[in-house]
Each structure stands twice: as C-alpha cells, then as structure tokens.
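Student: I have a structure open and would like to go through a few parts of it. Can we start with the strands?

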Amino acid sequence: MQETPFLTGLKAFWRLLWQLGCRDIQTRYKGSVLGLLWSLINPVLTVVLYTFLFSVVFHTQWEEDFGPKDIKALASTSSSHGQYALILFTGLMLHSFLADIIQRAGQVITQQANLVKKVVFPLHVLPAVVVFASLFQITVSAIVLLLALVVSGQTAYVSWLSLPLLILPLVILGLGVAWLLGALGVFLRDLNQLMGWLVTALLFSAPILYPLKTVSQKMGTYLYLNPLTYMVEDWRHVIYGGNWPNWGQWFTYLSLSLVLAVFGYAVFGKMKKGFADVL
Amino acid sequence: MSYDAVPEDLVVRVLSVSKCYQMYANPKDRLKQFFMPRLHQHVPMMGRSKYYQEFWSLRDVSLSLKRGEVMGVIGVNGAGKSSLLQMICGVLNSTSGDVQVKGRVAALLELGAGFNPEFTGRENISLNATLLGLTGEEIAVKTPEIIAFSGIEEFIDQPVKTYSSGMYVRLAFAIATSVEPDILVIDEALSVGDGAFARKSFDRIMALKAQGVTILFCSHNIYQVEALCQNAIWLHQGRVKESGAARGVCQAYNEFLDQMSVAQSEASSQFEGSFSKGSASHLSLAPWDRAQESQEVNVKDTLLSVGLEGPKGIARIEAVGLKVDGQVREVLLLESEQSELEVSIQFMSSKDVPIPNVAVIITDRAGRNVSSCSNFYDKLVLARNSQGQTQVSVRFPKMPLLRGRYGISVFLLCERAIHIYDSANVGEMEVSQRGLELGVVALPRHWSA
C-alpha cells in the first residue's frame, strides 16, 4: 500500500523531532558531573528559594480546600513549609514548562542559520524541538513529585492517570507560542529582550506563589487570562485532591490552544520564506 | 514545489525563474522598508518608496530536464549558476517563476552543511537520511553501506566536530549519493576528497549516471562538461545566453572566454612574463584546470622529480622531462618550424585502477589553450611495469607554433580521460621565428606558382 505524502512527511517530522529532541536534552547537561540530575536539582533549588521568601518570610498560608481528600492529611508528616513547597513545586513546574519555551523559541532559528540557508530542512521542527525538551523536563518533574508524595504517605489517586491528558492543551499552546516566537525572533531580535519580563509576568499573574482565593473574585477572573492559572488549579486538584479534571474547561483550553497553534504554524510557514534573506 | 502538471518524463522544470536580492546599506534601512513605503504612498514628502539596491542574480531562466538527462551549467563567476542550483535543490526561493522537481534530489553543493557538529557521524547519517526522505528501515539498511563507503569506520561514533575537513566531506558525499537519488546536483567537482577517495567518488557519480540518474552539473571545467553532458546551458549575468547540445554551447562559451582573456591580457600586458595564472586567474581557461590546482615545477634535470609531496594515492606524476632537439636545456628556446619539443612523462598508478592516460596542454600567455593532446584520443594504449610505473613521451617535430611564450602542463587522467589524478605545470618555452609572419600557428603549406 502506498503511503500518502502527508503521512510520510508526518513520520519524517516525528523522527526528526525525536532525534533532535533527544540530542537537545543530552547536550544541555553534557559535560556536567551530575548530568541529567540537574533537571531535578534546579527546580528543587528554586522551590527552596521561593518557600523561604513566601512561606518563611511572608507567612503565606495555603488553606485551600483541594476537595474531599484534603492535603491537610499530609500535615501530620510535613510542616506547613513543606506543604507550601509541594504545592509551589506543582505550579513552578508548569510555569517553567512555558517559560523555557518562551525564552528559547526566539533564538531557535537564528542559531541554526546553516539549516535555513544551506540545506532543505523542515524548519517547523526546530521550535517543536524546544517544546519536546520542555515536555521531557516536566515529565521528569511530575514523576518525581508523585513518587515523593507516595513516599511521604499520601495515597496515590487514580485521577493521576489523567495528568498526561491534562497537559495536552498546554503542550499545544506551547507549540503555537514556539512557532510564533521562532518566526518573529528572526526578524525582531529585540523581542528576546522582552521575554524575561514576560516570563516573570506569567509567574506572578497565576496563582503559583499564592492561592487563588487571596485575590478578589473580580481579579481572580482576570487571572484566568493567564493560561497557567487554569492549568495550575486543575493540576493541584488532581494531584492533591484526587479529583478528575474539569473536562469542560479542559476542552475550552484545548480548543483555544489549537487555534493558536494553527495560527502560529501558518505565520511560521509564511515568514520562513524570508528567513534566508535576514540570517 | 508542486508535483502536478509536470509532463511524465520531465523531472526538473524551471519556468522563467528570476531571483532578486534586496541589498540594504544598513539594518535600519531594512526596518524602514517595512513602514516607510506605505507612508510614502499617502504622504509623498515623507520617506522614500525604496531603501534597497536591487540585484538580479537570475532573470527569466527556463530549463527542463528529462529523466536520465545529464545537463551542464556553465558561465563565469557571478553568472547565477549557484542560485539556479540552489533553487532546484529547494534551498533558495525564487522571486518570480516556478521550479518543479519530481523525485529525491541529492545535492553535492555544500557538502556537510546540514551536519550538526555535536552529533556523531552515525547520528548525522540518520539525521541527514531522514531529511532526504528515507524511512527508519531504509536508514538501518543504508547506514553500514554509507559508513563503509566513507571509509571512516573508526571515527563514526565521534562527534563530527572532531573530524578533519576531508572526513567531513567523505561522510557527506557518502550520505548524499547512497540514498538512491533521482536527481543529482553537482557544483564544480566531479570528485571529492583526495587520492583513492577522489577516484571512488568519481566512480560513484559515473555509476549513478549509468543507472540513469538525472544529473545537473555546474562547472568551470568546460572539458568535463562536454565530456559528460548531452545538453548544456550557458548563463551570463543571470540570463540564459545559450542552451542546447553541449558541444555547441561549450564552443560558444569558449569563444567568449577567449575574447575576454584577450581583453584581459591586453590590459595587463605590462606584467611581462607573468603566466596565465596571474592575469586570468579568475577565468582559468585550461581545460583540465580548476578541478585541481596544478603544481609549479622548475625544469632542471632530464627527469625532474614532481609530485613527491603531491597527492598520495592511486596515481601520480612522478617526473616530467623536457628536451629541445634531443637536448636538455635550462631555458627552452625553440625555432618555429625547425625545433623539436619532446615531453617525457613518468607516472605511477596502483594496480587497482586501469592504466591512466596522460595529456599535454600548451597555453599562451593569456591562459588560452593553444593546443593539447592525449594518448587517449590518439589511441595509444599504455602499459605499466611490475612497480606500477609507466613511461611515455610525445614529440612535437618542427614546432608549428609561431613566436611567443607558451606554457606547458601535463595531466594524468583516468581511463575515460575525465577524472584528474594529478597535474603539473612543467615549464614554459619561447618560440622565435626568422620572418615576420603573423599569427599563432604555421600551417603546413605548399606554394605553387
């Protein structure tokens, strides 16, 4: 049976993505003594820092109700700081998924000028590689988090199985963002200067460092403009509360993400014709 | 690129393609070009409508290649040859016109440009083969073959950034030609690497040609274009100056180059004694030239040593001797229609290859080829001794050239007289004459009255 060109193209795209993605992850930690362990140490160190600032210094209390099986069940085994740290880790890992993509996507094309100018290369793969590497990172973080919870005495919930599906809208959103920034970054190098600010803004405008209910009802609605808000909330309910995701919201986010991804793909496709002239 | 609407037997079709580069004096102008022309439309006093210089590297070029056709692309530097090749490979977009290509293109343009320096050789094989459209199973089958051909088994699991440039090119060539291409695009060289690998790569290209792979061959080497291609296209300043049967196009191009070199040598006539290389170096007209830099050799002894430091490998010129009227001379002074020139060549060749052929080329001061000969076309079959050495000499009795200074070079060629193993500039001779005859050559003649 003859394969359609589209299917062959998709297969080649996936194989390239897999090869380049695996290499991207390897090269990031190549040469360091602890190697891949850094993908764990880094977020833990960040959590320690934020826990100190918000839990120890500012006394942020996390008295949110995560559902029937409350995280307070954990209170016997860990201090309130530890509790804060665990909740924080969930939010930070989602944030750094998007933050990595935003910070790297703008340069991913300019760093590979050879592939643009000298060979026939499906350039759409390059921003996708960034998403691939981030997805690996968050997978490692999530697995370690869940293991740590089980070890420290929390029951493992069946709802955890929904996590791979739960992250799907964020992955698709990430792809859209990566394609958009990848294309724009070639022409507007100034864009990269703005990305640091954007990443911080995304962190502060989602209920990552503080519970959603500490802000007013009206402000809380605005926070939902940040795509991380819904994600963070749902993840915590699934992980700590054993609830199933809010599928209605999930579907809305998925649809919006798909629209953005298709738009990003189209913009990238249109702009890539000009890449060779600028690089 | 569209795959439809191409007639069955055409594999490449280029339809009145043009390429315009916008050249900006500085990056700020590029930004202004985004906004200002629109403003200018509404408020004519503000800004300009154009902030760049246009450079047309191709204008209205059309060509088509049938399956199995071998076409040459010739033209001076900057004629747009590379742009055309890049477009057919899909690396460059045209400003207008359409390029249609059917099948897998193997480009021998910038070998190794798609390599990731951090990846190992093996990973790069997989990556590049994927880019060329091979499936996972096909790659698994081809990889050992590619590694064997490249001859760098020991280094294949090292990152390619540790490779020498020779190894880089070998691997890239092996990948590009092992993937069963439908179309082969060759820029300049019919072989890559040196010595034995050069011969191996040349053989592979010839094998692909024999299999009926469509080939687009761009070269300064008009001799090779004529020897290989059925058809040729001559580009000049981005336009097709002539196209058709290779023989006719090459001849027209040669005549054009001769005119150019005369103009050049007149302009640089104050540099007495400087030979072809200097005055017309960017044209470089010797037919076997360009593919390999000739070695400069001084004439000192009957059989002088050449090529001791030259390319190691399977065939090389060992010594060349020059005699005038049977005598070795420090300076070669000849009398037109009187003196005899003898060129004797000793070369070695490995038993792995058929016995090579030699060619002697005589060039004038402008670098034009005045005359050349080869035992290949004169149908003299050479033999070699048990050490792999061959001695051959050619005599030119009653030197038919008229006065002037001429350069002599020797080439060692493959059994088909296309691939160059080795070459040497062996010296120059000065021809004088008694009378005041004009021209370059004294034709054999009979007067009657």
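**Strands and helices in chain B**

Tutor: In this predicted model, B:Val14 stands opposite B:Val99 in S4(B).

Student: How do strand S1 and S4(B) pair, and over how many bridges?

Tutor: Strand S1 (residues 10-24) of chain B pairs with S4(B) in the antiparallel sense, over 5 bridges.

Student: What holds paired strands together in general?

Tutor: Strands of a sheet pair through backbone hydrogen bonds, either parallel or antiparallel.

Student: And in what order do the strands of this sheet come?

Tutor: The order is S2-S1-S4 in chain B. These 3 strands form an open sheet with antiparallel pairing.

Student: Which are the edge strands?

Tutor: Strand S2 (52-66) and strand S4 (96-101) of chain B, each of which pairs on one side only. On average, neighbouring strands of the sheet are turned by 25° against each other, direction ignored.

Student: Helices now. At what angle do H4 and H5 of chain B cross?

Tutor: At roughly 135°. The axes of helix H4 (residues 136-150) and helix H5 (residues 165-178), both of chain B, come within 8 Å.

Student: What do I call that arrangement?

Tutor: The angle makes H4(B) oblique to H5(B).

Student: Is the crossing left-handed or right-handed?

Tutor: H4(B) passes H5(B) in a right-handed crossing.

Student: Which residues make the contact?

Tutor: From H4(B), they are B:Lys142, B:Glu145, B:Ile146, B:Phe149 and B:Ser150. H5(B) contributes B:Arg170, B:Leu171, B:Ala174, B:Ile175 and B:Ser178.

Student: How many of those are nonpolar, polar or charged?

Tutor: The contact of H4(B) with H5(B) has 5 nonpolar, 2 polar and 3 charged residues.

Technical notes. Residues numbered from 1 in each chain as written. Chains lettered and ligands numbered in written order. Predicted model: local features only at pLDDT ≥ 70, side-chain atom pairs only at ≥ 80, totals over all residues. Axes fitted to C-alpha atoms, helices over the stretch in contact; angles between N-to-C directions. Helix = DSSP H or I, 4+ residues; strand = E, 2+ residues; numbered from the N terminus. Parallel < 35°, antiparallel > 145°, perpendicular 65-115°, else oblique. Left-handed = near helix turned anticlockwise from the far one by under 90°. Contact = placed C-beta atoms within 7 Å. Nonpolar A, V, L, I, M, F, W, Y, C, P; charged D, E, K, R; others polar. Pairing = 2+ DSSP bridges.
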